[in-house]
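Here is a short briefing on a protein chain. Look over the sequence and the model, then read the points below.

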Amino acid sequence: MDVDGVFSGGGIKGYALMGAYEVLEEKGITFKRLAGTSAGSIMAAFIAAGYSSKDILTMMNETEISLFLDQRKTFIPFAISKWLFLYWRMGLYQGRALEEWLRKKLADKGIYTFSDLPKDKLRIIASDLSSGKLLVLPDDLDQFGIPKETFPIAKAVRMSCGLPFFFEPVKLRSVSGKNIIVDGGILSNFPIWLFDQENKKKKRPIIGIKLSYKSEEQPKREIKNALSLFEALFSTMKDVHDARYISRRHEKDIIFIPMEEGLTTEFSLSDQEKDALIEKGRLKTKEFLTKWSY
């Protein structure tokens, strides 16, 4: 069965998306169109490129994800230099290692730019801080005078994964100047609205995979210090746009995978912790399919 698929952001918690995809694939569900934000954009891009769930699981098991933490070279101790990087570069890590890894993996399937995919196959969400706008890539590249068909998919995914202060933002240069692009989750962490628009008949069923609780099941956050305050601010900011959009009508098409707070940037997860996230994705997807009707 063909569906349109939406994958939410969630940082390192995105391992759960792999478990969900595995179960959907086993049930014969295929994706006609895909959309994703941050970690979800990685999954969406790999599926669009033709990777199976087994391929992705093998790929991730063979990848040391801590290699994505590419600090800039400096003679200053990191304990000091990290504050300089935060101030001048606006992020602790460059993000180039992640982009290059994405480029290589997509190239293995012969995929480089959006022109290598069927039209409207893949959409990726990013946030333009300079203009204060949500970006749908590649659609919105026209406003920058950038040809959308030849834009690298790895670059678009890297833009969507630019967690503020963690990865350096991408500086998108265009005819009008330079725009600062960061994680799409700031403005829409779960872009199901791309495929399910009010007053428009759906072309096919939609399945969304969201790394969170349902809104009514969301546990109350404990805010005890400045760090937990920042985390709560960022989590609220990520979810508020999509929470207003998701209704009971949409919830029946969404696989909710509840996640603990604080896992987003833990790039040192053990194999057991990764396996637990993948298994949670499997279990929640199996539960969803027992009730889903289309």
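The protein chain holds nine helices and ten strands. The model is predicted. Of its 294 residues, 52% count as buried.

**Whole chain**
- The protein chain exposes about 14900 Å². Carbon and sulfur atoms supply 54% of that area.

**Helix α1 against helix α3**
- Helix α1 spans residues 15–26, and helix α3 spans residues 53–61.
- The two pack at an angle of about 155°, with axes 9 Å apart.
- Angles over 145 degrees count as roughly antiparallel, so α1 and α3 are roughly antiparallel to each other.
- The crossing of α1 past α3 is left-handed.
- From α1, the contact uses Tyr15, Met18, Tyr21, Glu22 and Glu25.
- From α3, Ser53, Lys54, Ile56, Leu57 and Met60 take part.
- By type, the residues of this contact are six nonpolar, one polar and three charged.

**Helix α2**
- Helix α2 covers residues 39–48 and is mostly covered.
- Ten of its ten residues are buried.
- The buried residues of α2 include Ile42, Met43, Phe46 and Ile47.
- Gly50 follows α2 and has a positive phi, near 105°.

Notes: Residues numbered from 1 in each chain as written. Predicted model: local features only at pLDDT ≥ 70, side-chain atom pairs only at ≥ 80, totals over all residues. Heavy atoms only, no water. Helix = DSSP H or I, 4+ residues; strand = E, 2+ residues; numbered from the N terminus. Buried < 20%, exposed > 50% of the residue type's maximum accessible area, 1.4 Å probe, protein only. Areas by Shrake-Rupley, 256 points an atom, 1.4 Å probe, with all protein chains shown as cover. Axes fitted to C-alpha atoms, helices over the stretch in contact; angles between N-to-C directions. Parallel < 35°, antiparallel > 145°, perpendicular 65-115°, else oblique. Left-handed = near helix turned anticlockwise from the far one by under 90°. Contact = heavy atoms within 4.5 Å. Nonpolar A, V, L, I, M, F, W, Y, C, P; charged D, E, K, R; others polar.
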